[in-house]
Amino acid sequence: MSRRPPQTDPTPVLITTTDALAALCERLRQEPFVTVDTEFMRERTYWPELCVVQLGGAHDTAVVDAQAEGLDLLPLGALLADESVVKVFHAARQDVEIFLLRYGAVPKPMFDTQVAAMVAGFGDQASYDSLVRALAGASIDKAHRFSDWSARPLSAAQVAYAAADVTHLRRVYGALVERLESEGRVDWVKAEMAALDDPATYRTEPDEAWARLKPRTGNRRYLGMLRAAAAWREREAQRVNIPRQRLVRDETLLEIAASAPADAAELARARGISEGFARGKSGLALLAAIAEAAALPEDALPEAPRERHSGPPASPALVALLKVLLASKAEQHDVAPRLIANSEDLERLAAEPNPDVAALHGWRRVVFGEDAMALKSGKLALGVDGRKVRLIPAA
């Protein structure tokens, strides 16, 4: 993919004008990769408020003041869309959501060092701090981790802290790529990046928001009420730009769906709902959504989420054996166990003859899936050889 970056880092610069940003992005578009990070605020808003963008190249380290007066971020969009330049993030999801909202597309191509670290044996959700220590031989100054990045002017200490995120990331990326290439695992990372490349990963459809609340009932009328209430909350939170939990908490939404209030007085009885809210514009809109759901015919109501496996439950003993096998194979291949299979995968592997789970596809099948199927069919046994688990072919 690329060679290791030089060991000396460029002096960070603060970008506050469109011309300076355009010149920077034009230089970075000549490079094979650029490291990217953001600082944003979201505690008081539904939509993330972009405050700072950090960009790192071989000859440039820049902190872009995204809130500088008159600054147009269009040149940044062109850089992120340039498919000749790999965009390197750590734990990319929230950063990518911001860029998708602003530019209507995810950056391409992307490389997420947190995903790559799991493939390379650094454990589940390896922290940026731990990777910097292990692969860049440096430490992160955490003093400004909880800065108010929306306050202006940015201090010199804030600029230095923000810049460090993308300078260290260059070395982390280089070391990970070398390791992945030497172990033949570059394609493993590409397979894991598919979800991050999909814009649907970052979008919440209001009419599907109810499923996130994981209701423990099959009552379709109740689910219809919950779908209507959750969709109203999502749209209203987006409209007024406040966090959905600050608008109406999850537990209150579940209670409203169960009680199906018909008027403001009944709505105000729900925990966390004030009389003023119930009789105001938002409360009346919520009541209208509930009334509309109450009038739906049975066949228009949502189905209860179906259990993927409806047969006999999995044997706890077999699930335990599969967990041991997973731990052994993860240790053998030096890859995070959770990346190979999660608890639900193991339950389904134990309970179903040939479940459609990720562990039985692609590189996961080679690393774990084939042996898991052999174990459950009695063609493979587990033993102990000193301090390691050993696989024993059945006679």
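**View A. The loop around Pro-153 in the predicted model.** In this predicted model, Pro-153 is placed in the loop that runs between helix 5 (128–136) and helix 6 (156–182). The peptide bond leading from Arg-152 into Pro-153 is cis. Its omega angle is near 5°.

**View B. Surroundings of Ser-150.** Ser-150 belongs to the loop between helix 5 and helix 6, where Pro-153 is also found. The side chain of Ser-150 makes a polar contact of 2.5 Å with the side chain of Asp-148. When residues up to four places away in sequence are not counted, Ser-150 touches Met-41, Glu-49, Cys-51 and Gln-67.

**View C. The salt bridge between Arg-171 and Asp-9.** Side chains of opposite charge can pair when their charged atoms come close. Arg-171 and Asp-9 form a salt bridge in which the closest N and O atoms are 3.0 Å apart. A search of the whole structure returns 22 salt bridges.

**View D. The cis bond at Pro-109.** Lys-108 and Pro-109 are joined by a cis peptide bond. The omega angle of this bond is about -15°. Pro-109 occupies the loop between helix 3 (93–103) and strand 6 (110–112).

**View E. Backbone of Lys-214.** Lys-214 is not a glycine, yet its phi is positive, at about 50°. The residue lies in the loop connecting helix 8 (194–197) and helix 9 (220–240).

View F. An unreviewed UniProt entry places the feature "domain: HRDC" at residues 219–300. Over residues 219–300, the chain of the model is 71% helix and 0% strand. The end C-alpha atoms of this stretch are 13 Å apart.

**View G. Domain 1 and domain 3.** The protein is divided into domain 1 (13–202), domain 2 (206–295) and domain 3 (316–393). Between domain 1 and domain 3, the C-alpha centres are separated by 35 Å. Contact between these two domains involves 11 residues of domain 1 and 10 residues of domain 3. The size of an interface is often given as the accessible area lost when the parts come together. Domain 1 and domain 3 bury about 960 Å² between them, and 53% of this area is on carbon and sulfur atoms. On the domain 1 side, Met-118, Trp-188 and Glu-192 supply 50% of the area buried against domain 3, more than any other three residues.

**View H. Polar and charged pairs between domain 1 and domain 3.** Three salt bridges are counted between domain 1 and domain 3. Glu-192 forms a salt bridge with Arg-364, and the closest N and O atoms of the pair are 2.7 Å apart. Across the interface of domain 1 and domain 3, seven residue pairs are in polar contact, with both residues at pLDDT 80 or more. Helix 4 (113–119) and helix 7 (186–192) each contribute at least two residues to the side of domain 1 that touches domain 3. By class, this side of domain 1 has four nonpolar, three polar and four charged residues.

Technical notes: Residues are numbered from 1 along each chain as its sequence is written. This is a predicted model: local features need pLDDT of at least 70, side-chain atom pairs count only at pLDDT 80 or more; totals for chains, interfaces and linings use all residues. Side-chain values use heavy atoms; hydrogens and water are left out. Domain bounds come from an automatic or database domain assignment. Contact means heavy atoms within 4.5 Å. Buried area is the accessible area (1.4 Å probe) that two parts lose on being put together, summed over both. A salt bridge is a side-chain nitrogen of Lys or Arg within 4 Å of a carboxyl oxygen of Asp or Glu. A polar contact is a pair of N or O atoms within 3.5 Å; within protein, one must be able to donate a hydrogen and the other to accept it, and residues adjacent in sequence count only if both atoms are side-chain atoms. Helices (H or I, at least four residues) and strands (E, at least two) are DSSP runs, numbered from the N terminus. Ala, Val, Leu, Ile, Met, Phe, Trp, Tyr, Cys and Pro count as nonpolar, Asp, Glu, Lys and Arg as charged, and the others, Gly among them, as polar. UniProt positions are given in the numbering used here, feature names are shortened, and annotations may be inferred rather than shown by experiment.
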